[in-house]
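Colleague: I have not seen this structure before. Please show it to me, and then I will ask about it piece by piece.

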Amino acid sequence: MKKVFVLFSAFVFIVALGAQAGAVVTGFVDNPEGNSADWASDVAALGGEVNTNVNFDSHPDGLLQNNFYSTADGVTLNIMPSTSAVANGQGPGQANSWATPVSPGEGVHPPSKYLMVEGGVISLTITFPAPVYGAGLYVIDYFDPWNQASLTISAYAEDGSLLGSYDSVQFNFQTDKQYFMGISSSDGDIGSIVLSADTSATMDLIGIDDIRFAAAEPAEEEVEVTADRLLEFFDEAAAAGRLQGNSRFKWYSKLRLWMTRKMLASAVKAADRGKIRKANTKLKRVYRRCDGKRRPKDFVNGEAVAELAKMIEEVRASLDRDSDSKFARSRKR
Ligand SMILES: [Ca+2]
Ligand SMILES: [Ca+2]
């Protein structure tokens, strides 16, 4: 009975570990003078490529056109109130820059086109064509020193489920100072983000500029070197004369090439039969005969020899991974 209990606890532990290994969603809102840099290094570490095109600079003045960026950058914007419009300048420019606490944010917004948001209940939804690792934007001239009108940034998966939601800090960013709010998800599963607030209590006007998002880089095609592929490579290289037996005597050179192939074939056979350790030992033996080191003397040489050695190491590493996962599976049972 005790044993059953121990096994059961181990099972629960493994299940808990599995759950923990899920996506990590992070908000970048708490560091008003450095949120954008924090966000940028986070999405860079995740492998995202940042798009900075959605900056309104080529957008005509006037009402926001939801699909203006949909063709080139794949982004759709939806703003409430819909009377919000693209304007040119430093920002809303509201006067009260003294109510404390004041934050310099990330500096005054350099004059350019931006989205001027009408006050009240507001929301900006940014939808991506394919899920992204993260997104963020600069809010200009935000005023909330008394915590009456916090801004919320939320990320949603493509199916509309909420991934995470983060509130702004309480500061006065007037006049026209920039406050970056960003969000990231380690799974790269953000389908849209929403910035929302109710600024009725503060009669605050804000601007939005420089929307950024980090698309997943196109995945590199990984070709795993298998034991069979290794033998194929050996035969092709030998036939093309790129791999030869290492001897100045022709007959001995042929013999060494043949012996090397025999060792390799026997390793591949062991791997195919699931005899991982045996295969590994044999592969190591071949490796030592083609690794370019003086001792023991290499059996093969030629221009393909370095690649052969590299491939053998790759196959050995993948055999190790296989045996590790098999070991883990047998332990779970
Ligand atoms: Ca701009
Ligand atoms: Ca303002």
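Colleague: How many helices and strands does the chain have?

Modeller: This is a predicted model, so what follows describes a prediction. In it, 35% of the 333 residues of the chain count as buried. As for its elements, the chain has six helices and 14 strands.

Colleague: Which element gives the largest share of the largest nonpolar core?

Modeller: The largest nonpolar core has 52 residues, and those with the most contacts inside it are L115, V117, V139, M181 and I208. The elements that give two or more residues to this core include α2 (35-46), β6 (112-117), β7 (121-140), β10 (178-185) and β12 (206-216). The largest share is ten residues, and it comes from β7.

Colleague: With which residues is L115 in contact, leaving aside its neighbours within four places in sequence?

Modeller: L115 is one of the residues with the most contacts inside the largest nonpolar core. Leaving aside neighbours within four places in sequence, its contacts are F56, L64, I79, S84, V86, G207, I208 and D209.

Colleague: How many residues are in the other core that lies apart from it?

Modeller: In soluble globular proteins, nonpolar side chains tend to be buried together. Here, F234, V268, F299 and A309 are among the residues of another core, apart from the largest one. The number of residues in this other core is 25.

Colleague: How are helices α4 and α5 oriented to each other, roughly parallel or roughly antiparallel?

Modeller: Helix α4 (residues 250-272) and helix α5 (residues 276-288) pack at an angle of about 160°, with their axes 8 Å apart. Angles over 145 degrees count as roughly antiparallel. The two helices, α4 and α5, are therefore roughly antiparallel.

Colleague: Which residues of α5 meet α4?

Modeller: α4 passes α5 in a left-handed crossing. By class, their contact has eight nonpolar, two polar and three charged residues. From α4 come T260, M263, L264, S266, A267, A270 and A271, and these meet, in α5, K278, A279, K282, L283, R285 and V286.

Colleague: How many nonpolar, polar and charged residues are in the contact of α3 with α4?

Modeller: Helix α3 (residues 227-239) packs against α4 at an angle of about 160°, with the axes 9 Å apart. That makes α3 roughly antiparallel to α4, and α3 passes α4 in a left-handed crossing. In the contact, A227, D228, L230, L231, F234 and A238 of α3 meet L257, R261, L264, A265, A267, V268, A271 and D272 of α4. By class, these residues divide into eleven nonpolar, no polar and three charged.

Colleague: Is D210 buried or exposed?

Modeller: D210 lies in strand β12 and has a positive phi of about 50° although it is not a glycine. A residue with 20 or more other C-beta atoms within 10 Å counts as buried. D210 has 21 such neighbours, so D210 is buried.

Colleague: And N147, buried or exposed?

Modeller: N147 is in the loop between β7 and β8, with a positive phi of about 55° although it is not a glycine. N147 has 12 C-beta neighbours inside 10 Å, so N147 counts as exposed.

Terms used. Residues numbered from 1 in each chain as written. Chains lettered and ligands numbered in written order. Predicted model: local features only at pLDDT ≥ 70, side-chain atom pairs only at ≥ 80, totals over all residues. Axes fitted to C-alpha atoms, helices over the stretch in contact; angles between N-to-C directions. Helix = DSSP H or I, 4+ residues; strand = E, 2+ residues; numbered from the N terminus. Parallel < 35°, antiparallel > 145°, perpendicular 65-115°, else oblique. Left-handed = near helix turned anticlockwise from the far one by under 90°. Contact = placed C-beta atoms within 7 Å. Nonpolar A, V, L, I, M, F, W, Y, C, P; charged D, E, K, R; others polar. Core = buried A, V, L, I, M, F, W, Y, C linked by C-beta atoms within 7 Å.
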